[in-house]
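Please look at the model slowly, one element at a time, and keep the sequence beside it as you read.

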Amino acid sequence: MIYNEAFTLSNGVKIPALGLGTWLMNDNEAAQAVRDAVSLGYRHIDTAQAYENERGVGEGIRTCKVKREDLFITTKVAAECKSYETAAASIEGSLSALGVDYIDLMIIHSPQPWMEVNQSDNRYYKENLEAWRALEDAYKAGKIKAIGVSNFLVDDLKNIINNCEIKPMVNQILCHISNTPLELIGFCKENGIQLEAYSPVAHGAVLGNEKIKAVADKYGVSIPQLCLKYDLQLGMVVIPKTANPAHMESNADLDFTISSDDMEMLKNIEHIRDYGAHSFFPVFGGKL
């Protein structure tokens, strides 16, 4: 069962292969989604300071009837926190909002502030090193069990790797059928960085793709199920977002294997360049 599958990070921490995304949920929705997901068997919950629902996720954690140590909670330092002081303060804020003694995984949400994503050539190399240093100190203090980044490209990662004390353990990126950044995936694997895929169903933009539907039909599964399995077979953690328990259950029903030939074909599906109404930012997929 996918609920029991996990990847092992470079520091030995195990991260569940399937997580629940909570983007666009308010506190009440997030709390109920956590309870519903955990009751089904989910143990990995993904939130962020930018989602403004950490308190709701924390309420779900406290009321889901599963021990805290049996859950894996991810949150993210806001993309605008580009100094040691603001990042360190945000880490304390997340601990307080979630109501937990430690966070399993905390990542820098984006190398650029959101207002500059895809709008600026400034990659904030120096500032990201300061934010990373705050994560390293929180990790060494036991407040965070694993640290990483999100939406970081190869040069962004090299900047951290070449100047850090502790290498990133995770890079959470937009990856789905019709948008598979193979160079970035290869670099992360070469450097022992576990990949996570957010928006694995492309914000819904692949649901009408006839080529993808034909492959899903071949395996007797839905397009979302095919998309999730695709990322998993690439070696990625998947964190589909839903507040619907039926969708949560369907997203975990992944007891099939995509053939190597079909994987290669899916890697080369025509690239989606414009998500239209599905996304704020074509490259990073919005504040995910």
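Predicted model: local features only at pLDDT ≥ 70, side-chain atom pairs only at ≥ 80, totals over all residues.

Residues are numbered from 1 along each chain as its sequence is written, and side-chain values use heavy atoms, with hydrogens and water left out.

Helices (H or I, at least four residues) and strands (E, at least two) are DSSP runs, numbered from the N terminus, and a residue is called buried under 20% relative accessible area, exposed over 50% and partly exposed in between, with a 1.4 Å probe and protein chains only. In strand β9 (residues 194-198), five of the five residues are buried, so the strand is largely enclosed by the rest of the structure. In a regular strand the side chains alternate between the two faces of the sheet. Accordingly, Gln194, Glu196 and Tyr198 lie on one side of β9 and Leu195 and Ala197 on the other, and all are buried. Strands pair if DSSP finds at least two bridges between them; β8 and β9 run parallel and are joined by five bridges, with Leu174 opposite Tyr198. On β9 there are also two bridges to the parallel strand β10 (residues 237-238), where Val238 stands opposite Ala197.

Helix α5 (residues 154-161) has six of its eight residues buried, so this helix too is largely enclosed by the rest of the structure. Those buried residues, among them Leu157 and Ile160, pack against α4 (125-140), β7 (147-150), β8 (170-174) and α6 (182-190), where contact means heavy atoms within 4.5 Å.

After α3 comes Gly99, whose phi is positive, near 70 degrees.

A nonpolar core is a set of buried Ala, Val, Leu, Ile, Met, Phe, Trp, Tyr and Cys residues joined through side-chain atoms within 4.5 Å. The largest one here has 92 residues, and those with the most contacts inside it are Ile91, Leu135, Leu157 and Leu226. Its largest share, six residues, comes from helix α8 (residues 223-233).
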